[in-house]
Amino acid sequence: MFENLSGKLAGVFERLRGRGTLNETDVAEALREVRLALLEADVALPVVKDFIAAVREQAMSAQVMESVTPGQQVIKIVHDALIAQLGGAGAVPLNLNAPAPVPVLMVGLQGSGKTTTAGKLGLRLASRERKRVLLASLDTQRPAAQLQLEQLAKQAGVPSLPIVAGETPIAIANRAISTARREGFDVVILDTAGRLSINQELMDEVRAVRDATHPAETLLVVDAMTGQDAVNTARAFNEAVGISGIVMTRMDGDARGGAALSMRAVTGAPIKLVGVGEKLDALEEFHPERVAGRILGMGDVVGLVERAQETIEREEAEQLAAKLAKGRFDLEDYAKQLRQITRMGSLSSILGMLPGAGKLAAQLDESKLDGKLLRRQEAIILSMTPEERRRPEIIKASRKRRIAAGSGVTVADVNRLLKQFDDLSTMMKRVNKLGQKGLMRHGLAALLPGRRQSWH
Amino acid sequence: MASSGFFSRLKEGLARSKQKLTSGIAGVLTRRKLDEKALEELEEALIAADLGPAAAAKIIADFRKTRFNKDVSEEEVRAQLAEDIAAILAPVARPLELDPARKPNVILVVGVNGTGKTTTIGKLALFWKEQGLSPILVAGDTFRAAAVEQLQIWGERVGAPVIAGPPGADPAGLAFDALSKAKAEGRDVLLIDTAGRLHNKRALMEELQKIIRVLRKQDATAPHSVLLVLDATTGQNAIEQVRVFKEMVDVTGIVVTKLDGSARGGVVVALAEGFGLPLHAVGVGEKAEDLRPFDALEFARGLVEV
Ligand SMILES: Nc1nc2c(ncn2[C@@H]2O[C@H](COP(=O)(O)OP(=O)(O)OP(=O)(O)O)[C@@H](O)[C@H]2O)c(=O)[nH]1
Ligand SMILES: Nc1nc2c(ncn2[C@@H]2O[C@H](COP(=O)(O)OP(=O)(O)O)[C@@H](O)[C@H]2O)c(=O)[nH]1
Ligand SMILES: [Mg+2]
Ligand SMILES: [Mg+2]
């Protein structure tokens, strides 16, 4: 059920390869898979239809490039179109260009993450942009909601508007603005109660708040797990209050996040920020190029490279790259990698970001690759002779028995390690062929199997 | 749980969002014969209700076998499709039952963040109180800001005591102490709230396993129910949620919340087929009395707008 698109498309494209031109049937077949992938990723049906229609047109009118296969060309068009739909490359910053105190209004359904995001935003603006931020909760509906924001504000080290029992949301909003003006705050973040798009009364209430405060940003906070209803929510909030930006929360989950595409298509508003955890610092800019790959189930290559870059010491990486270039990635290097991987996060999550590596990641996951296992693998490698580490192909039955005995594991464990090393070095070779620059430039298309030349 | 007023309320909520679907199906139904085009539109209507492309295709394929090329009226198609879907859901529509001999029945409430766990505990507590039982609540979410106070307010609202520890306290220890207390007081139900957690966070899932392990030191049969609370707004990721929570903490049943909104929660059809876990109840509002039993036919009708 969760087979990813790259796998499915690989099959389709295998058949297309080498035909040289894009014909209607090729495109239709590939786009059927794309449609399914988008629906499984929870992109809303009307949005999927529009998207597929636009891509079909582009694909049919595209100049056929000599250097690539038709399949690759289709996927490049799909990927580019997705990025464009999501807002084009790069992040859109918050717009706080208004006279201080600048009001920011948080709206959305119940439980979408508004209050947490208000706290995160407070922390971010206060610490990174040195703004004086006031947090105010207008949520008089959910039990202890105002207290929740007050506690988050304390955690963030940002002031919050004192709670006055029995006050209406409008009255709180007015008090927040006047307090901020009097006390010289730069930004006032107004958190509101969650409301259903069909609740007219509450929608009128939030509109009244907007009219009273004229927010510079009205942020719709949406859960990344949202399904087809995303379009209804987006439309209703946009009609009621006018959305200037979208925040997608729980991107630390494993939902594919198709709602991003739906919301963006319906409101035209950019996705400005994403929530990636429950802690207050877990707020990031939205990068369409990363989410495009995630929606398609093709992995976040740029994210992988960045994360790897942060973690692996530069020199080590360069050394490794040089070795890889010569095709000399050996078990010694693998042991080094194992140590780095424990630093980078789980191997499977790293591999999960690589297109085509999904299966390998799943295998690794099955084998419950954890710190303990990594250490055991390291022990196995340490029981090998330097010669064995350099040339694993010489490790036959009797050597395996000796290594197993030396590291206190079974021969099967040794075999497993060798197999994993094999898989990994194959993949490493593929990554290396492109180099990190290549990865950045060509994105995930560069890693698709069967790719022969660059796009340009 | 009485179902009076449920559907009038549910329908009222759904009316707006379903306009599109309704007109879609109505369009299908002005034709006399149910042809390929009509079936395709029906399938799309199901996809738009979050059934997912695979489940929608399967239901329509079955529907096709019996109905294709038949002369059908609008009502017939809708009613039949609803019945087909209800047949999938009927086996899992089972109420959450307590064993009156157990003092207490231990119920652990779990789910991803913000789905409605705490609210559902308040609702369940009221429901059992009204039946003359004595629930007791445990504020096992010691992580999220003001989660304890939130449950305490629910306790006051419905008249049930709430056991709480200091912020950051170990939820397993708290649950253990609460169980001793509930036993000593001869309570009928112990409802344990937990912090929302994403199923892909192993350490947090292991924390739930620890709560269960610790409870079992005192009562080897506890917890007697592990309720997974799902938000009806959730799309296909609900399948992964159920799979992982079931695997990690042996979920025994599901509550679907926020069905008073425009989301229709069609993913439960795939859940019913894939996991067969009981669907106990649905949440239809933010108030204590907004909990209803899960009714397969009515839910299915909601999906196809009968
Ligand atoms: N409309 C509607 N809102 C609901 C329903 N159930 C819960 N809510 C609301 O959803 C929001 C989140 O509910 P909670 O009960 O706090 O959810 P939770 O799962 O305990 O959340 P965390 O503990 O933060 O993970 C609150 O605003 C509730 O009032 C429902 O059936 N319908
Ligand atoms: N994992 C994760 N949890 C989040 C994120 N944002 C919010 N949450 C959690 O979601 C739940 C509901 O958040 P809250 O801010 O109260 O939502 P509100 O009802 O919209 O104000 C809480 O348990 C938060 O900790 C996120 O980006 N990732
Ligand atoms: Mg809130
Ligand atoms: Mg809660």
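This section describes the chains, sheets, cores, interface and ligand sites of a predicted model. Local features were taken at pLDDT of at least 70 and side-chain atom pairs only at pLDDT 80 or more, while totals for chains, interfaces and linings use all residues. Residues are numbered from 1 along each chain as its sequence is written, with chains lettered from A and ligands numbered from 1 in the order in which they are written.

Chain A contains 20 helices and seven strands; helices (H or I, at least four residues) and strands (E, at least two) are DSSP runs numbered from the N terminus. Of the 456 residues in chain A, 51% are buried. A residue is termed buried if 20 or more other C-beta atoms lie within 10 Å of its own, exposed if 12 or fewer do, and partly exposed in between, with C-beta atoms placed from the backbone. Among the contacts in chain A with a separation of 6 or more, 76% join residues 24 or more positions apart; two residues are in contact if their C-beta atoms, placed from the backbone, lie within 7 Å.

Strand β4 of chain A (residues 217-223) is mostly covered, with seven of its seven residues buried. E217(A), L219(A), V221(A) and D223(A) point one way from β4(A), whereas T218(A), L220(A) and V222(A) point the other way. In a regular strand the side chains alternate between the two faces of the sheet. Strand β4(A) pairs with two strands, where pairing requires that DSSP finds at least two bridges. With strand β1 (residues 102-107) of chain A, the pairing is parallel and runs over four bridges; here V107(A) stands opposite L220(A).

In chain B, eight strands form an open sheet of mixed pairing in the order β3-β2-β4-β1-β5-β6-β7-β8. The edge strands, each pairing on one side only, are β3 (162-163) and β8 (291-293) of chain B. Within this sheet, strand β1 (residues 105-110) and strand β4 (residues 189-192) of chain B run parallel and are joined by four bridges. L108(B) stands opposite I192(B) of β4(B).

The largest nonpolar core comprises 189 residues, and L190(A), L190(B) and L191(B) have the most contacts inside it. A nonpolar core is a set of buried Ala, Val, Leu, Ile, Met, Phe, Trp, Tyr and Cys residues joined through C-beta atoms within 7 Å. Domain 1 (5-85) and domain 2 (102-294) of chain A both give residues to this core, so it lies between them; the domain bounds come from an automatic or database domain assignment. Beyond its neighbours within four places in sequence, L191(B) is in contact with I107(B), V109(B), I121(B), L124(B), A125(B), P135(B), L137(B) and V138(B). A second, separate core of ten residues includes L331(A), Y334(A), I381(A) and F421(A).

L39(B), in helix α2 (residues 36-48) of chain B, counts as partly exposed because it has 18 C-beta neighbours inside 10 Å. Apart from neighbours within four places in sequence, L39(B) is in contact with L34(B), I60(B) and R64(B).

The contact between the chains takes 32 residues from chain A and 37 residues from chain B. On the side of chain A that touches chain B, α2 (24-40) and α6 (145-156) of chain A are the elements that give two or more residues, and α6(A) supplies the largest share, four residues. By class, this side of chain A has 13 nonpolar, 13 polar and six charged residues. Ala, Val, Leu, Ile, Met, Phe, Trp, Tyr, Cys and Pro count as nonpolar, Asp, Glu, Lys and Arg as charged, and the others, Gly among them, as polar.

Ligand 1 lies between chains A and B. It is surrounded by 27 residues, of which Q110(A), G116(B), T119(B), G196(B) and G283(B) are the closest; a residue is near a molecule if its C-beta atom, placed from the backbone, lies within 6 Å of it. Helix α5 (residues 117-130) of chain B provides the largest share of this shell, three residues. The shell around ligand 1 has four nonpolar, 15 polar and eight charged residues.

Ligand 2 is surrounded by 23 residues, the closest being G113(A), T115(A), T116(A), G275(A) and N113(B). Residues from chains A and B surround ligand 2, so this site is shared between chains. Helix α5 (residues 114-128) of chain A gives the most to the shell, with three residues, and the shell divides into four nonpolar, 14 polar and five charged residues.
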